[in-house]
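Trainee: Please take me through the terms used for this model, setting each value against its definition.

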Amino acid sequence: LFRSSRLPYIQFVYTQKQESFVESNIAMVEFYDGVTDCLLIDNLKSGVLKPDLWDPKINRAYAEFAEHYGTFIDTARVGKATDKGKIERLIPQARELFRRLKAVHPTWGLQELNQEALGWCREEYGMAKHGTTGIAPMTLFEEQERPMLKPLPPVRFEIPTYKPVKVHPD
C-alpha cells in the first residue's frame, strides 16, 4: 500500500509461511510494476525472525528478495501502531471482498479470486474518490508514485527453500 495514493494490493493465500510471504511480495512489486527504496513491514514471523529496533533479524529468503529488488526492509516497532500504515483499516473490506467473490463464484480457486481482487484494487477501489485525498488512488499512484519507483530487475526472484541439514551418524 502506498501512503499518499492509498492504492492497495490484495492477495488471498492459504498460508503465511515464508515462501508464501516472499511470493506475495514478489507479486506485489509486479502489481505496482516497480519497487520503493524501503518496505515497511509488520513483525510477521514470515518476514522478521527477531524484531529489534536497531538490528532486526530478517528471514533469509526475505532478505535475499530485498537484495534482489534493491529495497531496504524496515520493521515496525513492536507495540507501536503509529509505525504501521493505515493498511489494517482495509482488512474488513478485503474479507468482505473474499466473501462476496466466493458467494458469486463458489468454484473459483485462489488464482481466479486473486485476479478479481487485483481488478477490484485497480478499478473499483482504485477509481473511487478517496475520502481523505479527494482523488482516486489509481490516479494519484499513476501521477505521483509510479514515476518514483525503481524498475524491476529483468529476472524474477526465485524463492529459495532452506531446510535443516541431516547428518548421517557414520
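Trainee: How does the reach of α1 from its first C-alpha to its last stand against the span expected at 1.5 Å a residue?

Mentor: This is a predicted model, in which local features need pLDDT of at least 70, side-chain atom pairs count only at pLDDT 80 or more, and totals for chains, interfaces and linings use all residues. Residues are numbered from 1 along each chain as its sequence is written, and side-chain values use heavy atoms, with hydrogens and water left out. The 15 residues of α1 reach 21 Å, close to the 21 Å expected; the expected span is 1.5 Å times one less than the number of residues.

Trainee: Why is α1 called roughly parallel to α2?

Mentor: The axes of α1 (residues 18-32) and α2 (residues 60-69) cross at roughly 20 degrees and come within 9 Å. Angles under 35 degrees count as roughly parallel, so α1 is roughly parallel to α2.

Trainee: Which residues of α1 meet α2?

Mentor: Contact means heavy atoms within 4.5 Å. Gln 18, Phe 21, Val 22, Asn 25, Ile 26 and Val 29 in α1 meet Arg 60, Ala 61, Tyr 62, Phe 65 and Tyr 69 in α2. By class, this contact of α1 with α2 has eight nonpolar, two polar and one charged residues.

Trainee: What makes α1 mostly covered?

Mentor: Eleven of the 15 residues in α1 are buried, meaning under 20% relative accessible area (1.4 Å probe, protein chains only). Among them are Ser 20, Ala 27, Met 28 and Phe 31. The buried residues of α1 pack against β1 (38-41), α2, α4 (110-125) and α5 (137-145).

Notes: Axes are lines fitted to C-alpha atoms, for helices over the stretch in contact, and angles run from 0 to 180 degrees between N-to-C directions. Helices (H or I, at least four residues) and strands (E, at least two) are DSSP runs, numbered from the N terminus. Angles under 35 degrees count as roughly parallel, over 145 as roughly antiparallel, 65 to 115 as roughly perpendicular and the rest as oblique. Ala, Val, Leu, Ile, Met, Phe, Trp, Tyr, Cys and Pro count as nonpolar, Asp, Glu, Lys and Arg as charged, and the others, Gly among them, as polar. Buried means under 20% relative accessible area, exposed over 50%, partly exposed in between (1.4 Å probe, protein chains only).
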